[in-house]
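Dear colleague,

I am handing over the structure below, together with some notes on what turned up in it. Please look through the sequence and the model before reading on.

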Amino acid sequence: MKTLHYFSKICLCIFISTLFFNFSIIYAQWVKDSIDTQALGAIFLTTGDIENDGDIDIFATCLISINPFNGGLIYFQAPEWSMQQIDAEGGYMRVADFNGDSLPDIVAANYGSGEVAWYEAPSWNKHVIGTNLQGAVGIEVLDLDKDGDDDVVASALDANKIVWYEAPDWTVHTVATNISGVTHFKIADINLDEDYDIIACAEIDGLVVWYEAPTWVAHSIDNQQPEAWGIDVGDIDGDGDIDVAVGAHDLHQVVWYENPSWTKHVVDTFLNCAAEIVLTDLDKDNDLDIIASGQCANTVAWYESPFWTKHIIDNSLEEATGLAAADIDGDSKTDIIACSHNHSHIIIYKSLMTNIFIDNSAIEIPTSIKLYQNYPNPFYPTTTISYRLLTTSDVDLSIFNNLGQKVKTVVKTKQSAGIYQFQWDGTNDKSLEVSSGIYLYSLRANSFVETRKMILLR
């Protein structure tokens, strides 16, 4: 019955007529580009550069096949968006380099078979990581034990548990059991102790909870959030710790929880069947915005921080579910990718935003050099590092791993006063991809030194 319960959320929306007061809603202008109309049952999206050619490709999970070649795990190769199949079966997936050949591989959780496996690019040979994980749903990749190998974390809706598989022999470890309806989760250092914790939501139990590494003690964030579904994590309020954003499907809510008190902030109560949540700095103003899909509302919406002004990106994408954010066209603007679960569409939305809005009452009078927190954080595939100089300075901006070893020199030159931004794509000085983990970025400007922490999640 649980399987039917979960996928009824996907396949049979309860359409609710709601009166909206539109004074807080802005219909933003976006270029809408449909890249596929045969991905029937598309439910999950992610991105990655599968051929290391500099183009961002799009990966999708499709639960229903029109023919044997467009169901399961598929990807669309930029820029023509030709479709390739990885496996006829599949579930939620992530992109990571498992064998160290600098080619992005795929790891997936298969809901139907209960299998967790990784697929080796470019032949897509299948390597089984674990079996008998009934109702495998969520999947994340990270060097959880910090031994240099990427491990795999998976959630199981029917088995009511979260487990992690330790590379390279894929020994299975239990994180949590008896968490009824566990769907999505994220990995981040919640208590800033340099261990990776796991943050999850459970739609049947109505829980939002985080598990503290390495013993996986459970800490409640909210135990009264029925049908908590989509989840993402990041420093929403800019105070240096990781907050949590959630979409509550049956309550039609988008909310975020402020670390460490876990004060609940309601962003929207009128997004019918709120589904996926993505945190990203869409308008490049150095704070995280919320992107959300409303399945019954047929809507993709952007909530602009800090006042959470609601911008409608699309209100005609029937059964909008999966979301992803990436710079698809290389114009330094974040594009939104969304899928229509029951109507065979995968859409790219490209923003036409050209104006920058400034709240004059909040203008900061600069009195010192400042290194800003990177955004997004955690991140994949790229993040932006910003800093402010008051005078001409000799600048050294470098990235280090958590052992203190230099990974990349980003800037080493003399610069005049101003605000500077640089993107890091997760590569070292040899242009090779580095593994998932905690990294430090340090700014030296004359006698000024400041270091901040960031997390790469492949």
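To begin with the surface, the protein chain exposes about 18600 Å², of which carbon and sulfur atoms supply 51%; accessible areas come from the Shrake-Rupley method with a 1.4 Å probe, and for residues only the protein chains shown count as cover. Please bear in mind that this is a predicted model, in which local features need pLDDT of at least 70 and side-chain atom pairs count only at pLDDT 80 or more, while totals for chains, interfaces and linings use all residues. Residues are numbered from 1 along each chain as its sequence is written, and side-chain values use heavy atoms, with hydrogens and water left out.

The protein chain has one helix and 36 strands, where helices (H or I, at least four residues) and strands (E, at least two) are DSSP runs numbered from the N terminus. Of its 458 residues, 57% are buried, a word that stands for under 20% relative accessible area, with exposed meaning over 50% and partly exposed in between (1.4 Å probe, protein chains only). Among contacts (heavy atoms within 4.5 Å) between residues at least 6 apart in sequence, 44% join residues at least 24 apart.

Turning to the cysteines, the count comes to one disulfide, taken as a pair of cysteine sulfur atoms within 2.5 Å. The disulfide joins C273 to C296, with an S to S distance of 2.0 Å, and the link is left-handed, with -75° about the S-S bond. Because C273 lies in the loop between strand 22 (263-268) and strand 23 (274-280), and C296 in the loop between strand 24 (289-294) and strand 25 (299-304), the pair ties together parts that are 23 residues apart in sequence. C273 is buried at 4% relative accessible area, and C296 is buried at 6%.

As for the rings, the whole structure holds nine aromatic pairs; rings of Phe, Tyr and Trp (its six-membered ring) pair if their centres lie within 6.5 Å, and planes under 30 degrees apart count as stacked, over 60 as edge-to-face and the rest as tilted. The rings of F98 and W170 have centres 6.0 Å apart and planes at 65°, so this pair is edge-to-face. F98 is buried at 17% relative accessibility, as is W170 at 16%. Elsewhere, F59, Y75 and W124 form one aromatic cluster.
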